[in-house]
Amino acid sequence: MSAFDTTRRYPTREPVDFVIVGSGAAGGVLARELSQAGFDVVVLEQGPYRMASDFGHDEVKNMMLGDLTSHPGWADPQSFRYDPTETAVVGNGGLPPALYARTVGGSSVHFSGNYWRMRPLDFKERSLLGPMSGTGFADWPLTYEELEPYYTKAEYEIGVSGTPGPFDAPRSRPFPMPPMPVKSSGVLLEKGALAMGWHPQPAPMAILSQPYRGRPPCSHCGFCIGFGCEMNAKSSTLVTMIPEALATGRCEIRPLSTVYRIETGSRGRVEEVLYVDADGQQQAQKARAVVLAANGAETPRLLLMSDGPDHPDGLSNGSGLVGKYLMGNGHSFIHGYFEHELNDWKSIQVTRIVHDFYATDPQRGFYGGGGMDGRPLVNSMPVLHAMTESGANPPRWGAQFKRDVRHGFNRHMGILSSTTSVPVERNNITLDPSAKDAIGRPLVRMTYRDHDDDLAMMQFLQDRGNEILDAAGAQRIWREPVEPQTAHAHLLGTCRMGTDPARSVVDPYHRSHEVENLFICDGSSMVSSGRGQPTLTIQALAFRAAEHIGQAARQGEI
Amino acid sequence: MSNFSEPKTDGIEDDMRREFLKAAGLVAGGALAGWPFSKIALAAQHAHEQQQTQAPLAHITATQALTLGAMADQIYPQDDTPGARSLGAVYFMDFAAGSFMAGAWPMIEAGMVDLNERAGRTFGKPFHDLDFATQTRMLEEIELTPFFGSVHFLTLMGCFSLPKYGGNIDQAGWAQIGFESRHAWQPPFGYYDALYDEEAFS
């Protein structure tokens, strides 16, 4: 870990304009926008301040031991159950159910860079399709057209490579950079999809195909998914927004600062943020306003922990919806081996995608849509490749197993499908009633079972993936079974936005319906799940939120 | 032995491996034991030095090393290339026993005791002295146990993780699968993109 010399240090006992909890996809954008607008900003991040020089190719460290995804100072496990009738348990083979990176820049540091816009239909699917009984299926309080300028802003400020596809929503500016060089997995996805009569397109990626704003293009090292970028070519907030926030002289990034409570005062306003610092000491940072951008699991956890006499069910939770309607996107995966070497372990994960099944088609008999991409997934890494080839129970071993491991590493590709998630109330984040972490916080408890329509969509796209691999000439094809998921890297919907305070947690500009100087802006704000790559939408929302929050602050309306 | 699509059974270690395999659009990053990485790095350094100097193992006895080495060579055998034992898998296991697998190590030791007792009772020799085919039959009887699952998991990590953890000596495991750790590559990356007509989307 290297220290970054932020020039500005704010005292904790004097209120700053904004405390932002979380420095990830949304928090990094908010920090940059609000500090550039002239406000004093303190960002509290529970992870350390890692830089490019701290990242490498260590599969044991990153994937097996969860260096980026674990708290560096203490154990902070999470519990999981499929259904509310079960007792949640910590387990899952050590894989956190809510999987996110604890580091400055958050999960934008370790994500794969898939950077899809949503489409107009994603914002108004409830109106287009009608109600779904027993669910929280709803329209957004804003349209694609309202968000489009912020999609464009995010693409240019963050740095994105791509070119429009045939089904893309209208855009006001072209992509800032051409697509990344195609890989063999992209070529084969394209070949198979074209043979099926579909419309493959280059993948939009938040990874640089050319030098951009002082950063170098991708060097194709291959350690991308789950890793921090050692070249600064992946457009995380760590290397885009946060240095620009620090350059204003009005932003302090405070790493290793784990927030455990938001304290309100006599007028019901948020007054200070309580956290444990790098030395394990309790601290309190006073603030004029607070922005929560801690992700769709930690944001509701913090609100639920911040209860008080006049808000016994948690802060900003009069609707009872804090933590509810969790959406993780559905995923299914299918493997193929080809005759010649793909070497798909080189370069980025994804270079071609298929969006022919994006919209809901009533003829399929269930709600949902999704996208497909060609990629190695975890088979890009030697140990995980061998483990994937070994299967599960019982594991494969012996001479034939070794032949397959050796033959397959260079000849493998997979097709990952990402789908909608129906928002249902029983899928949620709550506080674990019995287990606590090492600093006394109740554990994140996830209750989640994919809706039947989500599972049907996952299966539908896996079948289409099989057709693509077959049409592309795969010699051996095998599937990961489609089953209810137990871990989620997309943490969406748990503080949904809306105009009705009884049916949403924040207003259309991310202000709490109940606490006038509290804002919530991250994946939790999303009303529907999109089709599986939410980062761009989260960041576009953050640019839009920052503009409105800044205006309100200047006009004395916070 | 069987293939991928067989029904699942319960077992902590099986679940652990299954989660790595879920391939659900997720990175597999999960802390196995909540060890801070600074301690892990120290343990790795020890294992690497032992492997370099052929020093005695720190957490595994000489007899245990024979058992684990024989099991590793069953799981990832020698063919025209070295098997897991020659790749250094036992040095990796020594590192694991002293760090992130310390909690599970008593279970693994008990598994080794049981395996050798059965070998002694049935064949009058310790497991590692049995012929290859007999070893295979004995392991087929326990391939659903957490003991076998853990040694399987550690064997693969020992063959293919960074040499600094003790295994994959001289990157020989990587050489067997055609992997090379570099900081930069240039397109074309593979056979199919080398033939691709870039005009379509430029």
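Colleague: Which residues in H3(B) and H5(B) meet?

Modeller: In this predicted model, B:Ala65, B:Leu68, B:Gly69 and B:Ala72 in H3(B) meet B:Ala89, B:Val90 and B:Met93 in H5(B). By class, that contact has six nonpolar, one polar and no charged residues.

Colleague: What is the angle between H3(B) and H5(B), and how far apart are their axes?

Modeller: Helix H3 (residues 62-75) and helix H5 (residues 89-97) of chain B pack at about 120 degrees, and their axes are 9 Å apart. That angle makes H3(B) oblique to H5(B). The crossing of the two, H3(B) and H5(B), is right-handed.

Colleague: And H5(B) with H8(B), what are the angle and the axis distance there?

Modeller: H5(B) packs against helix H8 (residues 146-160) of chain B at an angle of about 115 degrees, with the axes 8 Å apart. H5(B) and H8(B) are therefore roughly perpendicular to each other. H5(B) passes H8(B) in a right-handed crossing.

Colleague: Which residues meet in that one, H5(B) with H8(B)?

Modeller: From H5(B) there are B:Ala89, B:Phe92, B:Met93 and B:Ala96, and they meet B:Leu154, B:Thr155, B:Met157, B:Gly158 and B:Cys159 in H8(B). The classes in the contact of H5(B) with H8(B) are seven nonpolar, two polar and no charged residues.

Colleague: Stepping back, how many helices and strands are in chain B?

Modeller: Chain B has 10 helices and zero strands. Of its 202 residues, 49% count as buried. Among chain B contacts between residues at least 6 apart in sequence, 68% join residues at least 24 apart.

Colleague: Is the peptide bond from B:Pro187 to B:Pro188 cis or trans?

Modeller: The bond from B:Pro187 to B:Pro188 is cis, with omega near 0 degrees. B:Pro188 sits in the loop between helix H9 (172-177) and helix H10 (191-194) of chain B.

Colleague: Chain A now. Is H1(A) mostly covered or mostly open?

Modeller: Mostly covered, with 11 of the 12 residues of H1(A) buried. Among them are A:Val29, A:Leu30, A:Arg32 and A:Glu33.

Colleague: What covers the buried residues of H1(A)?

Modeller: The cover includes strands S1 (16-21), S2 (41-44), S5 (251-254) and S8 (282-292) of chain A, along with helices H7 (241-247) and H12 (535-554) of chain A.

Colleague: What should the helix H1 span, and how far apart are its end C-alpha atoms?

Modeller: At 1.5 Å a residue, the 12 residues of helix H1 (residues 25-36) of chain A should span 16 Å, and the end C-alpha atoms are 17 Å apart, which agrees. Just after H1(A), A:Gly38 takes a positive phi of about 100 degrees.

Colleague: What is the phi of A:Asn343?

Modeller: Phi of A:Asn343 is near 50 degrees, a positive value in a residue other than glycine. A:Asn343 is in the loop between strand S9 (330-337) and strand S10 (352-354) of chain A.

Colleague: Why does A:Asn343 count as buried?

Modeller: Because A:Asn343 has 27 other C-beta atoms within 10 Å, and the cut-off for buried is 20 or more.

Colleague: And A:His510, where is that?

Modeller: A:His510 is in the loop between strand S15 (476-479) and strand S16 (518-520) of chain A. A:His510 has a positive phi of about 75 degrees although it is not a glycine. A:His510 is buried, with 28 other C-beta atoms within 10 Å.

Colleague: Last one: how far is A:Leu194 from A:Val354 in sequence and in space?

Modeller: They are 160 residues apart in sequence and 9.9 Å apart in space, C-alpha to C-alpha. A:Leu194 lies in helix H6 (residues 184-195) of chain A. A:Leu194 is partly exposed, with 16 other C-beta atoms within 10 Å.

Definitions and conventions
Residues numbered from 1 in each chain as written. Chains lettered and ligands numbered in written order. Predicted model: local features only at pLDDT ≥ 70, side-chain atom pairs only at ≥ 80, totals over all residues. Helix = DSSP H or I, 4+ residues; strand = E, 2+ residues; numbered from the N terminus. Expected span 1.5 Å × (residues − 1). Contact = placed C-beta atoms within 7 Å. Axes fitted to C-alpha atoms, helices over the stretch in contact; angles between N-to-C directions. Parallel < 35°, antiparallel > 145°, perpendicular 65-115°, else oblique. Left-handed = near helix turned anticlockwise from the far one by under 90°. Nonpolar A, V, L, I, M, F, W, Y, C, P; charged D, E, K, R; others polar.
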